[in-house]
Amino acid sequence: MTLLSVSDVTHRYPITVSEIPVLNRVNLEVEEGSVVAVVGESGCGKTSLGRVIVGLVRPLEGEVRYEGKDIWDLSKKEHAAYRRAVQVVHQDPYASLNPGLTVEETLKTGLLYHHIVTRRTARSELFRLLESVGLEATPAFLRRYPHQLSGGQRQRLVIARTMGLRPRLVVADEAVSMLDVSMRVAVLDLLLSMRSELNLAYVFISHDFGVVRYFARGGRIVVMFFGVVVEEGPAEQLIRHPRHPYTFLLLDAVPVPDPKVARRRRTEATKVAAERVTGEPSATGCVFSNRCPYAEDKCRVDTPPLVDSGPQHGHRVACWFPDKVPDLQAVLGASAEGRAMPEGAVLSGR
Amino acid sequence: MTVGREGAGPALIEVDNLTVSFGRLRAVEEVSLTVAEGEVCALVGESGCGKSTLAYSLLSMVPPPGVVSSGEVRYRGRSVTRMSRKQLNEFRAADVAIVFQAAMNALNPVLTVGRQVEHILSSHPDAFATAGEGREYFERLLQLVRLPPGGVWGSYESRLSGGMKQRVAIAIAMLLRPSALVLDEPTTALDVLNQRLVIDILRDLHETLGTTIIFVTHDLGLVAEMAERVAVMYAGRLVEVGTVDEIFYGSRRHPYAKALIEAIPSVVRDEALIKSIPGQVPNLLDLPRGCRFGPRCELARPACAEAEPPLVSDRDGHSVACYVANEMLERAVVAP
């Protein structure tokens, strides 16, 4: 069942100088208990999309529906339920906790507001929450302030605050990008375990395909470029066989923790030209045509529609020449053959 | 003992048994490390392991109340730790330059990039024959960091994107032609495309100008892409030093370095092979007895909790501070 849908959403911020909207006719469906990852570079509109989903931004055009109802047209009671059911985990655990509130106050406020606990039953629920996110469930810990916690602990606390409200959809906006690489997997695992426990759906926003591949397995990936969805499809399919040049560029940019692959790529001179990384979007034709290595005249004039592509159903791409995009394996091939690394850091042939 | 690679270029920077203390807390403890001229060296570890403090001490800029309580840092044989303020002013930027973490926030918002470059040139009048020559050199650096030469000079930082600011900061750090560039988390806070660009640029600087690069990171992916040599730190101490191949593929490895590598979510790696590291980094004021990684280590034995394992080097200069790993070494040495 579709829990939340975004249809034909277009948005411009009033202060934007450029004519290009931050979101341009974006469509997105989130099924109950599913994961949808939104991937793109800084400034591509992925955070704006998250803000539209949680109702912090009202888009100029288009609709956001929660359980089939327009979120900007809900009764007071329905609105309260929507607000509780759709939660967000922000990027920066240093900024998303009130420095003047203790752990107890941080966790309790929302629980009391939504009548999930009473003042009398709060304590035991707080301990249960702390334990569920792997934090110390002691009275002493409840009295701590955010500055007394490490980055990883803060993000766990944010997650506990979110999960206490028993949401049905969580928008995780770069939820692990501020954390040490060594902590990321632990926090991702925590979020995934919450998913199975609470039948949660996630909209997982990130610029890093490494993290996305780990989190969105079995789910869907949406790739955005300057407000436009350029490709979407089942996670594994999209990563192995990207159909849009921008998706390939993003995949190819992720540092590979394998020095042999890194050296080989260096000699092959697959250097990303600066203009591909920082170029402005094109105002006419395909948005990516300014930066696309395969762009032809057609691309600079006609905007490609988002249409089905490839053998697998539900893999859509907005590109006139998707067949020019190489498979990821073609680039990382050598690591896939010789399992040089004892731990075998390669795409398995499933 | 100085840990280094035999047969590499001459030593440029030597860290000799360095301890940096913040009151009772020892952020860097008995660290010895040699960086050869022309090398790309990574300092790796989790938050709070002392890697940034070590990087700052290379330029003798440990923030107060931190002090070097023993040992020293030498640059071409001269003690940096004992330099006077005046000597340090000459040394920093001209010999070893640093790009701070979040360097995109380090630019002055009310001066154009060009004005900031002119300030540096006027306070180091000996660096170039004429100021015009200095400006020309900066234009060349802008090309190396792949920024349009004309577009940046008259810009304020607010007109530049995060990735562009980072590259401007790198160009400014390179302005006085330092032999070595220290970078603290050069790719953190950048998206993957800008990360890739910064990696390529630093490799270019290394190859075209021969600059020695020392960078601090928690990301082993970045290490694999850039580094030739790697020093892994844990709770203030070096636990493994070796070439990038020894760190990633060696048979004798520190369990912590191995765990760090296995914790990276990557596009090319099966999720079943990705493991998080259990437990947490210890409090530096309340360290476990013996090996500091012991409580989180799957190979730990009773002996590990008794005394701190020493950093033991093999013939190639690959050093590991782990009892279990170093048993292999003894066997290998004894075997023939």
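The structure is a predicted model, in which local features need pLDDT of at least 70 and side-chain atom pairs count only at pLDDT 80 or more, while totals for chains, interfaces and linings use all residues. Residues are numbered from 1 along each chain as its sequence is written, chains are lettered from A and ligands numbered from 1 in the order in which they are written, and side-chain values use heavy atoms, with hydrogens and water left out.

Begin by selecting 2-99 together with 149-236 of chain A, which form domain 1, and then 241-336, which form domain 2. Taken over C-alpha atoms, the centres of domain 1 and domain 2 of chain A lie 24 Å apart.

Next, select the residues in contact (heavy atoms within 4.5 Å) across this boundary: domain 1 of chain A contributes 19 residues and domain 2 of chain A contributes 23. The buried area, meaning the accessible area (1.4 Å probe) that two parts lose on being put together, summed over both, is about 1700 Å² here, with 64% of that given by carbon and sulfur atoms.

Now show the side chains of R316(A) and E232(A), which meet in a salt bridge at 3.2 Å, N to O. The rule (a side-chain nitrogen of Lys or Arg within 4 Å of a carboxyl oxygen of Asp or Glu) finds two salt bridges across the interface of domain 1 and domain 2 of chain A.

Finally, on the side of domain 1 of chain A that touches domain 2, colour helix 8 (209-215), strand 9 (220-225) and strand 10 (228-234), the elements that each give two or more residues; helices (H or I, at least four residues) and strands (E, at least two) are DSSP runs, numbered from the N terminus. Strand 10 of chain A gives the most to this side, with seven residues.

How values were computed: Domain bounds come from an automatic or database domain assignment.
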